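Dear colleague,

I am passing on the structure we spoke about, and I would be glad if you could look through it alongside the notes below.

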Amino acid sequence: MTQDQAYSAMFIFLEEAWKRTQSDGLAEILGGMSLLEDGTPADPAVVEDWKSAVVRALGGESAGRLVLSQKLA
């Protein structure tokens, strides 16, 4: 998957979550991620945030793993 395809997949995923929840927070994120005619995100900060996320993921950083701690009695 290319970075552009991954970006599109993430956008679609978040858009579907927004459709279910109508979350203002997700709407703000999606607004900033929306691509302008020149292909750049509406919020320029998204570019650096996305590049950083790609570097971290390609470097092997795990994301989204739920770790439950168990208290011993």
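This is a predicted model: local features need pLDDT of at least 70, side-chain atom pairs count only at pLDDT 80 or more; totals for chains, interfaces and linings use all residues.

Residues are numbered from 1 along each chain as its sequence is written, and side-chain values use heavy atoms, with hydrogens and water left out.

The pLDDT, which is the predictor's confidence in each residue on a scale from 0 to 100, has a mean of 90 over the chain, and 96% of the residues reach 70 or more. Helices here are DSSP runs (H or I, at least four residues), numbered from the N terminus.

On the packing of the helices, α1 and α3 meet at an angle of about 110°, and their axes are 12 Å apart; the axes are lines fitted to C-alpha atoms over the stretch in contact, and the angle, on a scale from 0 to 180 degrees, is taken between N-to-C directions. That angle makes α1 roughly perpendicular to α3, a term used for angles of 65 to 115 degrees. Gln3, Ala6, Tyr7 and Met10 of α1 make the contact with Val46, Trp50 and Val54 of α3, where contact means heavy atoms within 4.5 Å.

Alanine 6, which has its place in helix α1, is partly exposed with a relative accessible area of 23%; on this scale buried means under 20%, exposed over 50% and partly exposed in between, with a 1.4 Å probe and protein chains only. Leaving aside residues up to four places away in sequence, alanine 6 touches Met1 and Trp50. Alanine 6 and valine 54 are 48 residues apart in sequence, and their C-alpha atoms are 9.3 Å apart in space.

The model has 1 aromatic pair, by the rule that rings of Phe, Tyr and Trp (its six-membered ring) pair if their centres lie within 6.5 Å, with planes under 30 degrees apart counted as stacked, over 60 as edge-to-face and the rest as tilted. The ring centres of tyrosine 7 and tryptophan 50 are 5.2 Å apart and the planes stand at 90°, so this pair is edge-to-face. The pair links distant parts of the chain, 43 residues apart, with tyrosine 7 in helix α1 (residues 3-21) and tryptophan 50 in helix α3 (residues 45-58). Both tyrosine 7 and tryptophan 50 are buried.

There are 3 salt bridges, a salt bridge being a side-chain nitrogen of Lys or Arg within 4 Å of a carboxyl oxygen of Asp or Glu. In one of them lysine 19 is joined to glutamate 16, with the closest N and O atoms 3.2 Å apart; both residues lie in helix α1, 3 residues apart, about one turn of the helix. Lysine 19 is partly exposed at 47% relative accessibility, and glutamate 16 is partly exposed at 34%.

Another salt bridge joins glutamate 48 and lysine 51, whose closest N and O atoms are 3.9 Å apart, and these two residues lie in helix α3, 3 residues apart, about one turn of the helix. Glutamate 48 counts as exposed at 52% relative accessibility, whereas lysine 51 counts as partly exposed at 45%. Arginine 56 forms a salt bridge with glutamate 61, the closest N and O atoms being 2.5 Å apart; arginine 56 is partly exposed at 47%, and glutamate 61 is partly exposed at 41%.

Finally, glutamine 22 lies in the loop between α1 and α2, and its phi is near 55°, a positive value in a residue other than glycine. Glutamine 22 is partly exposed, at 47% relative accessibility.

Terms used: Angles under 35 degrees count as roughly parallel, over 145 as roughly antiparallel, 65 to 115 as roughly perpendicular and the rest as oblique.
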